[in-house]
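Try each task before reading its solution.

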Amino acid sequence: MMNQTHRTLLFLFAVLSPLSFTAVNAQTTSFNPGVTANGVTYALPRTVLRADVAAIKTQYTPGEFARYAERYLHVQNVGQEPHTEYAVQQLALNLEGTPDTLKTFTIRLKDKTVAPMVALTESGIILGVNGGERVQEDAAIDPIYRTGRTTHHQLDSRSYFTEEILAATSSAKMAELTAAEIYDIRETRNLLVRGQLDAMPNDGEAMRLVLDRLNAQESALVQLFIGYTDTTWISESYRIEPHDYEDVPRSVLFRFSRKLGFVDADDLSGEPYYIEVKDQHSVVLPSEKELAKRKIEGIVYNLPSQAQVVVWQGSRELLSRTFPVAQYGTIDQLAPALFGKDATTRVTFHPATGGLLHLQQ
């Protein structure tokens, strides 16, 4: 049911008597999840909003003959100096769960028991009972934006130099001869396409191979004038954990600079990206009187409230989504009768919200 970061635990249910549960947050100063001498201790999660941001770092390197690009190839505005630029490519919002130390519970073990499976995360958040359905977690940024992946665009231009170009004694002369070679390649390609070459390829496949070679030669030689760029994918993740029943006012999520990439939130060289979280009050909260009467007699889970999450780039709204947030809701419980001796109840909880996802009997 769970991946390698999860561990599976067994706890025992009483055959005849109801389950015995204890809320332990008021009795312990630390949270030690898993099997203990007294039973199995688990936590419900607090919801953390995670913004996954992917960007591309583009490094431009001018060509060896950049200063002659306009003179010989009539290409204007060719960069003469190397420079680096950054650009945000993707921003995705996802959810994570962190143990809520004020919502920890212990299931007391009893004699004469059966043993359904309970799955917890490494941090002790309850995930499911009796092998509930697999949780499909939100995807992070697209795999093509993996940090550190670099695409190199430099071509082996000098491998196409003729003997005459190599023998030139100045950069200006080499540029002139290289430009002449480029024009010869273009003329040959035009004659080939028109079928006017003295020695035409025998078939379509041979024609394609010749054209591919001519195009590769031209691209490599032209790069000596216009330069090339290398691109590196970089990414960062930023986390926001809303306080209980408190909206997150519009605040800086991160800053991004076209010249420096991701910078600190207080670095004014970067453009601000803002986030705002507003509780939609989709869950009716119990009164203090109702809470005082509540008894913990079953498996406890969260009833998260929906929250509207908006991200801006400066003053421009980038995206708006609705997410369930545990801190804005309340808790409920599954009756002990669902997990009696002969019961086959299977339950799955959301690892980031603690909400009930699936219940199958």
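The exercises concern a predicted model, and they treat a helix pair and then a pocket.

**Exercise 1. Determine how helices H3 and H4 are arranged and which classes of residue make their contact.**

Solution. 
1. Locate the two helices: H3 covers residues 171–194 and H4 covers residues 204–226.
2. Take the geometry: their axes lie 10 Å apart, at an angle of about 155 degrees.
3. Angles over 145 degrees count as roughly antiparallel, so H3 is roughly antiparallel to H4.
4. List the contacts: residues of H3, including Ala175, Ile182 and Leu192, meet residues of H4, including Met207, Leu214 and Phe225.
5. Sort the contact of H3 with H4 by class: 14 residues are nonpolar, 4 are polar and 4 are charged.

**Exercise 2. Describe the largest pocket by its volume and its lining.**

Solution. 
1. Start with the volume of the largest pocket, about 460 Å³.
2. Count the lining: 20 residues, with Lys103, Tyr245, Leu291, Thr330 and Ile331 nearest the centre of the pocket.
3. Find the strands: S5 (39–61), S6 (83–108) and S16 (316–334) each supply at least two lining residues.
4. Identify the largest share: S16 gives 5 residues.
5. Divide the lining by class: 11 residues are nonpolar, 4 polar and 5 charged.

How values were computed: Residues numbered from 1 in each chain as written. Predicted model: local features only at pLDDT ≥ 70, side-chain atom pairs only at ≥ 80, totals over all residues. Heavy atoms only, no water. Axes fitted to C-alpha atoms, helices over the stretch in contact; angles between N-to-C directions. Helix = DSSP H or I, 4+ residues; strand = E, 2+ residues; numbered from the N terminus. Parallel < 35°, antiparallel > 145°, perpendicular 65-115°, else oblique. Contact = heavy atoms within 4.5 Å. Nonpolar A, V, L, I, M, F, W, Y, C, P; charged D, E, K, R; others polar. 1 Å grid on protein atoms, 1.4 Å probe; cavity = no way out; pocket = protein on both sides within 12 Å on 5 of 7 lines; lining within 4 Å. Points joined across faces, edges and corners; volume = space filled by probe spheres on them.
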